[in-house]
Amino acid sequence: MSTVSKIACDVKDMALADTGKLRIEWADQFMPTLAQIRKEFAKTQPLQGIRISACLHVTTETANLMITLRDGGAQIALCASNPLSTQDDVAASLVRDFGIPVFAIKGEDHDTYYSHLEAALQHRPHFTMDDGADLVTLAHTQRADLANEIIGGTEETTTGVIRLRSMARQGVLQYPIVAVNDADTKHLFDNRYGTGQSTIDGILRATNVLIAGLTVVVAGYGWCGRGIAMRAHGLGGQVIVTEINPTRALEAVMDGYRVMTMAEAASVGNLFITATGNKNVISREHLERMKDGALVANSGHFNVEIDIPSLEKMAKNRRMIREFVEEFRLPDGRRIYLLGEGRLVNLACAEGHPAMVMDMSFANQALCAEYLAKNSSRLEKKVYPVPQEIDQAIARIKLDSMGVHVDQLTAEQEKYLASWSEGT
Ligand SMILES: NC(=O)c1ccc[n+]([C@@H]2O[C@H](COP(=O)([O-])OP(=O)(O)OC[C@H]3O[C@@H](n4cnc5c(N)ncnc54)[C@H](O)[C@@H]3O)[C@@H](O)[C@H]2O)c1
């Protein structure tokens with residue numbers, strides 16, 4: 001008898017599970033850190049009896065994290081952290097082959113998205129595992145009845161950490177959260193190399209343009225923006241950076257990019273990519289200045305970085321010209337192309353970050369869940385950093401898996417570094 005029918009879920013099509021299973025297996029081979037943790041979890045069962053509601057992009061890498069948590073003893077329910085990021089075949093396989101309840105369908109509308117978050121919360125979690133803090137927000141508003149039972153959570157991305165810190169500052173956060181995003185082994189690699197490569201990947205899959213020779217405007221020179229600028233430059237793009245932070249703008253100048261305001265860049269760019277975590281970074285004023293054929297994409301967490309409502313109002317007509325590419329024709333004949341509905345372009349138009357980098361991000365998630373299981377009772381209702389021991393352990397396992405060795409401090413060096421008197 002099939003056990004699938006007993007598992008609560010809402011996925012697109014169970015017939016996609018075979019493809020999903022193979023793709024999950026493919027990702028697994030590039031996630032040696034997580035695999036090592038999974039082996040250990042299977043023995044030690046650190047999450048025995050713990051219910052986790054996870055709101056993450058439903059990708060092959062997330063599937064491997066879910067399997068790791070399950071093998072560590074947790075009971076999980078998974079929903080998507082973005083309406084366009086779900087890989088339907090992965091969702092089907094997680095239910096059919098791994099017995100994990102999933103509520104996620106690529107392209108789901110706003111109401112379905114929130115009904116899926118609600119379904120994940122019906123699981124009455126002890127922990128939330130969030131990417132962008134939508135699940136935590138729901139658990140603090142519409143489902144505040146649940147917040148008493150939740151004893152801890154983790155947060156995957158910059159925007160989520162910003163929202164949660166704001167909740168903690170205002171004294172409304174009901175349980176401790178570990179900011180996975182802020183671990184060195186997360187944002188230095190995932191946000192920079194992961195977003196850098198996969199953003200370009202999403203743009204190429206959606207448009208098939210040649211980056212060489214294009215003027216590429218990158219809004220935001222944070223961890224994601226640095227990665228995107230680096231990769232666009234590597235492909236021959238002429239990169240312009242826009243920033244609001246003078247130090248980061250200076251860094252972009254010294255890294256060899258042109259820096260200017262978006263108002264200046266708007267009329268010279270061919271391809272615009274936002275990665276700021278802010279809203280209306282590309283506003284109506286900027287859209288009005290763009291050249292015919294300008295491509296506009298976002299890689300920040302929410303679809304508010306580009307003023308899409310204004311673009312809709314400005315357009316005389318609009319049509320889908322390719323999958324994930326919408327053409328907006330302005331009254332004077334100019335065309336502006338919006339990619340992936342202005343949602344995370346790497347997940348909407350491609351597969352998100354490569355498994356090799358999610359290996360470290362999700363190793364952090366798994367070890368932080370174990371950390372919460374051991375320590376949540378002594379933590380306050382605050383946002384906590386990932387403990388340094390976890391961060392360093394992950395870097396070591398990753399290096400080992402790559403066959404890279406590093407030197408050890410000698411006793412003499414340790415003494416030298418600890419002393420203030422050994423100047424000469
Ligand atoms: N696409 C993905 O898969 C992915 C991965 C990781 C993070 N993210 C998201 O990407 C966004 C950026 O993350 P990050 O880690 O780079 O953050 P960050 O804080 O390191 O960088 C954001 C940068 O944007 C700048 N900025 C803010 N408002 C601006 C404006 N109006 N114009 C120009 N620059 C502006 C800030 O000064 C800052 O330097 C967040 O929303 C994050 O959640 C997406």
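Modeller: Start with a term: buried means under 20% relative accessible area, exposed over 50%, and partly exposed in between, with a 1.4 Å probe and protein chains only. This is a predicted model, where local features need pLDDT of at least 70, side-chain atom pairs count only at pLDDT 80 or more, and totals for chains, interfaces and linings use all residues. Residues are numbered from 1 along each chain as its sequence is written, and side-chain values use heavy atoms, without hydrogens or water.

Biologist: Is cysteine 79 buried or exposed?

Modeller: Cysteine 79 is buried, with a relative accessible area of 0%. Cysteine 55 is buried too, again at 0%.

Biologist: How many disulfides are there?

Modeller: A disulfide is a pair of cysteine sulfur atoms within 2.5 Å. The count here is 0. For cysteine 55, the nearest cysteine sulfur belongs to cysteine 79, 3.8 Å away.

Biologist: In what order do the strands of the open sheet run?

Modeller: Strands (E, at least two residues) and helices (H or I, at least four) are DSSP runs, numbered from the N terminus. Two strands pair if DSSP finds at least two bridges between them. Here 8 strands form the open sheet, in the order S9-S8-S7-S10-S11-S14-S13-S12, with mixed pairing. S9 (258–259) and S12 (317–322) each have a single partner strand, so one side of each lacks a neighbour in the sheet.

Biologist: Over how many bridges do S13 and S14 pair?

Modeller: S13 (residues 325–329) and S14 (residues 335–339) pair over 5 bridges, in the antiparallel sense. Arginine 329 has arginine 335 in S14 as its bridge partner.

Biologist: Which residue takes a positive phi just after H10?

Modeller: Glycine 256 does, at about 100°.
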